[in-house]
Amino acid sequence: MADLAVSLGIVIGYLLVALAIGLLAYRLTERTAEDYYLASRSVGTVVLLFTTFATLLSAFTFFGGPNVAFSAGPEWILVMGLMDGVLFAILWYVIGYKQWLVGQEHGYVTLGEMLGDRFGSQSLRGLVAVVGLLWLFPYVMLQQVGAGQAIAGLTNGAVPYWAGAALITVFMVLYVGLAGMRGVAWTDTIQGLFMLGVVWVAVAWVLSAAGGLGSVSSALATNRPEFLALGGGLYSPQYVISTAVVIAFGVTMFPQVNQRFFIARDSATLKRSFALWPVLVLLLFVPTFLLGTWAAGLGVQVPEGGNVIPALLTEYTPVWFAALVIAGAMAAMMSSSDSMLLSGSSYFTRDLYRPFVAPDASDAREGWIGRVGVAAFAALTFLASLFVGAGTGLNFLVALGDTAFGGYAQLTLPVLLALYWGGVTRWGIASGVVGGHVLYLLHVFLPLPATYLTWDYALWCMLFGLLLTVGVSLVSSPAAEENAAKFGVSAD
């Protein structure tokens with residue numbers, strides 16, 4: 001009973017801190033859509049870096065990644081820690097910096113708004129919003145599933161799954177609805193620092209309790225010697241490269257990440273942030289993947305369907321510290337979900353409600369509609385999470401959530417062309433986005449090959465979308481409303 005009280009006290013205490021930050025941010029937030037969604041484009045380097053970091057690194061950091069390292073070895077760090085750390089930083093510069101420039105000049109809030117204005121097409125604006133929401137909805141739902149399961153596991157079922165998911169959802173709606181981007185960015189910064197701190201303390205604690213690095217290494221060499229050699233098995237070059245490219249390109253178009261390309265205070269802030277990104281990624285992924293790898297060498301028993309990090313910490317650290325790390329996992333989930341809710345609301349209100357329902361809506365009205373949108377979006381994903389978490393179906397939503405990176409990656413190359421090539425037409429980019437997504441969805445839901453010539457199907461779908469964008473643009477004429485000059489490119 002005492003352990004239960006400690007565990008719940010730590011989690012609820014963390015949630016109350018997040019809510020208090022939201023209340024403080026609310027007092028400083030203007031009642032306009034731009035301030036609510038983008039914090040008036042005033043975010044500095046530390047907050048920008050950590051809000052992107054905490055938003056992107058969700059429950060996978062604490063559960064999925066270490067589980068992969070536990071079962072297949074630590075080489076996944078090549079994908080997440082090195083390749084995606086570097087690839088995303090490059091894309092942050094190539095795409096993010098250009099988005100920031102045009103966003104500063106024209107006041108864009110969302111990707112759909114930017115592309116719709118560039119090509120003079122409300123339909124394209126709506127299409128991009130629908131695509132963004134298609135992949136975002138199940139991804140938010142899976143974060144709620146993870147939160148509900150984490151709290152249920154932490155309390156040994158004393159708090160049921162549905163109550164844990166509801167608790168997280170209510171707290172997120174409160175502070176996101178109140179504070180918008182400013183509150184989310186501030187809480188993300190604290191969550192990011194918290195995640196880094198607890199995971200490195202966990203590494204030191206496990207090493208000390210297990211007899212030091214020499215003992216842990218000897219156990220790994222004895223029990224899982226294959227983990228000490230590079231190559232082979234799951235980690236073929238094609239697998240590593242395909243996975244790294246799909247994840248990095250997909251991350252770039254995640255609404256909650258892409259929208260952060262607009263919020264930097266100035267160009268120096270943006271440049272410092274993407275330069276520091278690979279370092280921050282390694283500081284988090286190295287320790288979490290090491291913990292998963294060490295657990296395999298130490299013979300830690302993981303329950304069927306369970307996660308290795310809680311099992312390892314339960315065996316080698318006190319209950320209160322294990323609860324603290326689970327709170328870190330909760331921070332990871334919340335720092336992703338809160339930003340997803342905010343971005344999903346902006347896509348709905350800014351790109352669907354305003355242009356198609358209420359074109360004359362004031363900024364203040366749009367800001368309040370956005371807050372209602374946060375609550376509605378969270379309620380719908382919570383209801384879906386109840387079915388999925390209880391094992392009662394909605395497998396299509398799980399499939400969408402599990403393949404969201406590849407889905408968002410289908411947007412990246414058409415958007416990249418639109419930013420830099422004036423020859424792209426509205427029919428070209430629409431064809432590329434729709435064609436790439438249709439082919440990708442067919443592979444998600446039909447028994448089609450997972451690879452072609454040993455390369456992941458998501459890469460081929462990206463290539464197909466690229467070819468459609470270029471090919472259709474070459475044979476179609478730009479509409480009179482299109483304005484490539486807004487992006488600083490020539491239409492010739």
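Reply:
**A buried helix and other sites**

Helix 6 (residues 111–118) is largely enclosed by the rest of the structure, because 7 of its 8 residues are buried. Buried means under 20% relative accessible area, with exposed over 50% and partly exposed in between (1.4 Å probe, protein chains only). Helices are DSSP runs (H or I, at least four residues), numbered from the N terminus. This is a predicted model, in which local features need pLDDT of at least 70 and side-chain atom pairs count only at pLDDT 80 or more, while totals for chains, interfaces and linings use all residues. Residues are numbered from 1 along each chain as its sequence is written, and side-chain values use heavy atoms, leaving out hydrogens and water.

The buried residues of helix 6 are L111, G112, E113, M114, L115, G116 and R118. After helix 6 comes G120, which has a positive phi, near 60°.

Leaving aside neighbours within four places in sequence, A219 is in contact (heavy atoms within 4.5 Å) with R224, G297 and L298. The C-alpha atoms of A219 and A296 are separated by 8.9 Å, although these residues are 77 residues apart along the chain.

Terms used: Helix = DSSP H or I, 4+ residues; strand = E, 2+ residues; numbered from the N terminus.
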